[in-house]
Amino acid sequence: MQTEIRRIDLPKDFILKNEIAKEIIVTKKINPGQDFSYVEKTIYTFPKQSLIRTKRYKNSKLESTKEFSIDSLNRVIKNIVRFKHKALGWQTSKYETIYRTKTKDLKMLNLDDSVNYIMRVVFDENDNPIEIKTLNSNDELIGLSTAVYDYDNNSFIYTVFKKDGTIVLNKNEYFKKDYEIQRNEFGDLQEFYWPTSSSNIKYIIEYKYDDKGNWTKMKKLQIDGKKKKTTEIISRKIKYAKI
């Protein structure tokens with residue numbers, strides 16, 4: 001539930017506004033200049049129009065590979081991820097997502113493509129999640145969480161249930177419905193608040209674009225009063241396909 005609520009509408013690394021990519025190399029500097037900082041590099045290739053493959057490196061070491069399919073709205077519908085576990089070595093996870101009006105099914109799959117379990121998300125008229133059911137392979141309920149929003153008072157009640165209906169968590173949380181402050185002339189989110197934070201900390205994104213109108217650099221800043229901190233710098237090198 002919390003992950004669905006915290007989704008921020010920032011530009012995706014693999015999506016171009018104009019033209020078609022042959023390869024995109026994205027380099028992320030996380031917490032630059034601070035004690036806990038590192039560099040991630042992800043290489044995107046596009047063997048088919050709706051199929052994308054990636055290799056992700058952390059401080060030059062290969063951390064994971066991914067192959068995923070997208071629909072006409074650039075939503076991920078199938079995903080195969082291989083990642084390196086410290087104790088178990090290379091592992092594979094597979095899932096697919098089915099989108100409907102105001103609902104979304106995230107199916108976690110076994111290696112033979114059979115269903116392990118399903119997370120079914122229901123959204124309200126503001127596209128915020130109000131219910132997440134966890135279902136087993138027989139479509140039987142094994143977990144439930146709900147969110148009841150009070151938009152006028154910037155809050156919601158988050159409740160987690162066991163499959164027998166017993167409440168295991170019931171919390172009043174902060175939620176800012178209108179977290180977006182400003183978008184730029186390209187339509188990209190430029191200034192916002194964190195939707196589940198009651199503080200007045202603002203986040204600002206500084207963009208650079210190429211001559212085709214696709215972003216090539218994002219600098220993420222955190223503004224707390226008079227304090228300004230760079231939290232992430234993302235550079236994107238785009239190789240365009242010849243049409």
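Asp 105 counts as buried because its relative accessibility is 1%; the class of buried residues covers relative accessible areas under 20%, exposed means over 50%, and partly exposed lies in between (1.4 Å probe, protein chains only). The model is a predicted one, in which local features need pLDDT of at least 70 and side-chain atom pairs count only at pLDDT 80 or more, whereas totals for chains, interfaces and linings use all residues. Residues are numbered from 1 along each chain as its sequence is written, and side-chain values use heavy atoms, with hydrogens and water left out.

## Overall architecture

The protein chain has 243 residues, of which 37% are buried. Along the principal axes, the C-alpha atoms fill a box of roughly 55 × 50 × 40 Å. Of the contacts between residues at least 6 apart in sequence, 27% join residues at least 24 apart, a contact being heavy atoms within 4.5 Å.

## Salt bridges

The whole structure holds 16 salt bridges, each defined by a side-chain nitrogen of Lys or Arg within 4 Å of a carboxyl oxygen of Asp or Glu. Asp 105 is paired in this way with Arg 120, with 2.8 Å between the closest N and O atoms. Since Asp 105 belongs to strand S7 (residues 103-109) and Arg 120 to strand S8 (residues 115-123), this pair ties together parts that are 15 residues apart in sequence. Arg 120 is partly exposed, at a relative accessible area of 25%.

Arg 120 also meets Asp 139 in a salt bridge, at 3.8 Å from N to O. This second pair links distant parts of the chain, 19 residues apart: Arg 120 sits in strand S8, and Asp 139 in the loop between strand S9 (129-136) and strand S10 (141-150). Asp 139 is partly exposed, with 45% relative accessibility.

Elsewhere, Glu 173 forms a salt bridge with Lys 171, whose closest N and O atoms are 3.4 Å apart. Glu 173 is buried at 19% relative accessibility, whereas Lys 171 is partly exposed at 39%. Through shared partners, salt bridges join Arg 100, Asp 105, Arg 120 and Asp 139 into one network.

Glu 40 lies in strand S2. The C-alpha atom of Glu 40 is separated by 6.6 Å from that of Lys 29, which is 11 residues away along the chain. Beyond its neighbours within four places in sequence, Glu 40 is in contact with Val 26, Thr 27, Lys 28, Arg 56 and Tyr 57. With Arg 56, the side chain of Glu 40 makes a side-chain polar contact of 3.2 Å. A polar contact is a pair of N or O atoms within 3.5 Å; within protein, one atom must be able to donate a hydrogen and the other to accept it, and residues adjacent in sequence count only if both atoms are side-chain atoms.

Asp 13 is located in the loop between helix H1 (2-5) and S1. The side chain of Asp 13 makes polar contacts with the side chain of Lys 28 at 3.4 Å and with the side chain of Tyr 44 at 3.4 Å. Its contacts outside four places in sequence include Ile 24, Val 26, Trp 215 and Arg 236.

Strand S1 (21-30) and strand S2 (38-48) each supply at least two lining residues. The lining divides into 9 nonpolar, 3 polar and 2 charged residues.

Asn 74 lies in the loop between strand S4 (61-70) and strand S5 (76-85). Its phi is near 65 degrees, a positive value in a residue other than glycine. Asn 154, in the loop between S10 and strand S11 (155-161), likewise has a positive phi, near 55 degrees. Most residues other than glycine have a negative phi.

The accessibilities of these residues are listed below.

| Residue | Relative accessible area and class |
|---|---|
| Asp 13 | 12%, buried |
| Glu 40 | 16%, buried |
| Asn 74 | 29%, partly exposed |
| Asn 154 | 26%, partly exposed |

Technical notes: Helices (H or I, at least four residues) and strands (E, at least two) are DSSP runs, numbered from the N terminus. Ala, Val, Leu, Ile, Met, Phe, Trp, Tyr, Cys and Pro count as nonpolar, Asp, Glu, Lys and Arg as charged, and the others, Gly among them, as polar.
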